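Please keep the viewer open while you read.

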Amino acid sequence: MTIQVSPSSIPNSDAVSLTATLLDKDAYLINLLNQVTASKTEGWLQSLRESAANVVRHSTIPNTREEEWRFTDLSSLRQVQFNVETLHVTSLPEILKETANSRLVFVNGVYASELSAVKDLPPGVVVSNLAGLSVAQQEAVQQYLAQAEGAQEVFTALNTAGITDAAVVWVKKNVVVETPIHLVFVAVTGESATISQPRCLVVAEGGSQVTLVEEYTNRKGAEDTEKERFTNAVTEIWVGENAQVSHTRVEREGAEVFHIGKTAIAQSRDSRYTCHAITFGAKLSRHNLEVLQTGEQTQTTLNGLTMISGKQLADTHSAIALNYPYGTSKQLHKCIVGDRAHAVFNGKVFVPKPAQLTDAAQLNRNLLLSSKARVDTKPQLEITADNVKCAHGATVSQLEDDEIFYLQSRGIDENDARKLLINAFAAEIINQIPVPSLRENLLSTVNNLKSISLES
């Protein structure tokens, strides 16, 4: 499979933070770097890590003076000293029945073979941790691992600098994988605040089809304490010519977790990529979703649901670079925000002059359940092509009194009426997920609104 990468794929990206100089290092970032690079590897992987570490040494952690981070304050992250700890769990919070024999599990970024099972997969599919690959497979992986656009962004580079293992899903040409593949990344509380850096690489060769579930969850340690944790995750997905990838990303980590995630997708000619990004957990979360079109006539569908309460902050930044003609992209991102929570959405769609006959639509819809809830939204189109069909928009609303009254008039009490309307708002996204047991699980989570304010 050949995938061409444009050297200027996502224009005007402010994601790279290379503002520090040799004389003005970011001491906190350097300390994080020292933690994640304490263990060494060999050969090409060590060279890759050293190159990324050099990027980190000349970078800084973003602050609110930067446009891309002005609503997401990382000062609380900088107040915690994180350590790398290797911990274990003996069971998973929940196993999807469709993926009972097609899952990989990592605990604090370390492969857990005793919790993984990959028996229900057809020939031509490799689902393994990096260390479990053959020499030939590792040579193939070198062409893709850490090669996606945006590799020099500070948190992405920090993840690469600390790679010791990774989840690898490789689907050969024209192979159709009927069984969903579940990648589970579990964060576990240790003796101190811990940092884990999950890494995932997906390569779908030409004509192949695969369904992925990428889940971030947590289990408390033996002392049953809840200490602060930092999850810094990176996933790279390469979609070959005429290939199809359906990807569901679920983040539901604990209340003391900082979660920063990058999903980088490269789409070849005639490929189809669908992402369902669900965010429920973490006290501060940020998901950078970047799609790069590397051939014409691609189809991209991005569905997102953020549901937060308390004092949570959830930030979604997406960028779709449609560099070739006849591309289609559809994006719908919804936020349900209760209590004093704060949701952020920034979606960019780039349509340069060569991308004629592009069809792009983007919509952000937000539901505020409390007078103290907050949302900042910025859908954004940057178009220089002159023969395109593009639209974007955003709405912010509360539950309608007329709708609540109508349901009450049908014998439904006020609290249940509100829950019913919230469930309907979320179900538009969740019902599109192609894994039935996961759909049921997520709808059950939405129905459990005990922690979300239902204030008028």
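Which residues lie nearest the centre of the second largest pocket? They are Val84, Asn108, Val110, Gly162 and Thr164, and 19 residues line this pocket. Before going further, please note that this is a predicted model, in which local features need pLDDT of at least 70, side-chain atom pairs count only at pLDDT 80 or more, and totals for chains, interfaces and linings use all residues. Residues are numbered from 1 along each chain as its sequence is written, and side-chain values use heavy atoms, with hydrogens and water left out.

**Pockets**

A pocket here is an open set of points on a 1 Å grid over the protein atoms alone, where a 1.4 Å probe fits, with protein on both sides within 12 Å along at least five of seven lines; lining residues have an atom within 4 Å of a point. Volume is the space filled by probe spheres set on the points, which are joined across faces, edges and corners. Helices (H or I, at least four residues) and strands (E, at least two) are DSSP runs numbered from the N terminus.

The second largest pocket has a volume of about 270 Å³. Its lining takes two or more residues from each of α1 (27–36) and β7 (194–196). By class, that lining has 6 nonpolar, 10 polar and 3 charged residues. In this count Ala, Val, Leu, Ile, Met, Phe, Trp, Tyr, Cys and Pro are nonpolar, Asp, Glu, Lys and Arg are charged, and the others, Gly among them, are polar.

The largest pocket holds about 600 Å³ of space. Of its 25 lining residues, Arg252, Glu253, Phe280, Gly281 and Thr445 lie nearest the centre. Elements that each supply at least two lining residues are β6 (181–188), β9 (209–219), β15 (299–308) and α8 (436–447), and β9 gives the most, with 3 residues. The lining of the largest pocket is made up of 9 nonpolar, 11 polar and 5 charged residues.

**Charged pairs**

Side chains of opposite charge can pair when their charged atoms come close. The structure holds 18 salt bridges, each defined as a side-chain nitrogen of Lys or Arg within 4 Å of a carboxyl oxygen of Asp or Glu. Here are some of them, with their N to O distances.

| Salt bridge | N to O distance |
|---|---|
| Lysine 348 and glutamate 68 | 2.9 Å |
| Glutamate 290 and lysine 262 | 3.9 Å |
| Arginine 365 and glutamate 428 | 3.7 Å |

Why is lysine 348 called buried? Lysine 348 counts as buried because its relative accessible area is 8%, and buried means under 20%, exposed over 50% and partly exposed in between (1.4 Å probe, protein chains only). Glutamate 68, at 10%, is buried as well.

Glutamate 290 in strand β14 (residues 284–293) and lysine 262 in strand β12 (residues 257–267) are 28 residues apart, and both are buried.

Arginine 365 sits in strand β19 (residues 359–368) and glutamate 428 in helix α7 (residues 414–430), so this pair ties together parts that are 63 residues apart in sequence. Arginine 365 is partly exposed at 31% relative accessible area, and glutamate 428 is partly exposed at 38%. Elsewhere, Glu67, Arg70 and Lys378 are linked in a network of salt bridges.

**Around strand β19**

Strands pair if DSSP finds at least two bridges between them. Strand β17 (residues 328–337) pairs with β19 in the parallel sense over 10 bridges, with serine 329 partnering alanine 360 in β19. Strand β21 (residues 389–397) also runs parallel to β19, joined by 9 bridges, and leucine 367 stands opposite serine 397 in β21.

**Backbone details**

Two residues other than glycine deserve a look. Aspartate 270, in the loop between β12 and β13 (272–279), has a positive phi of about 65°. Alanine 282, in the loop between β13 and β14, has a positive phi near 75°. Alanine 282 is buried, with a relative accessible area of 2%.
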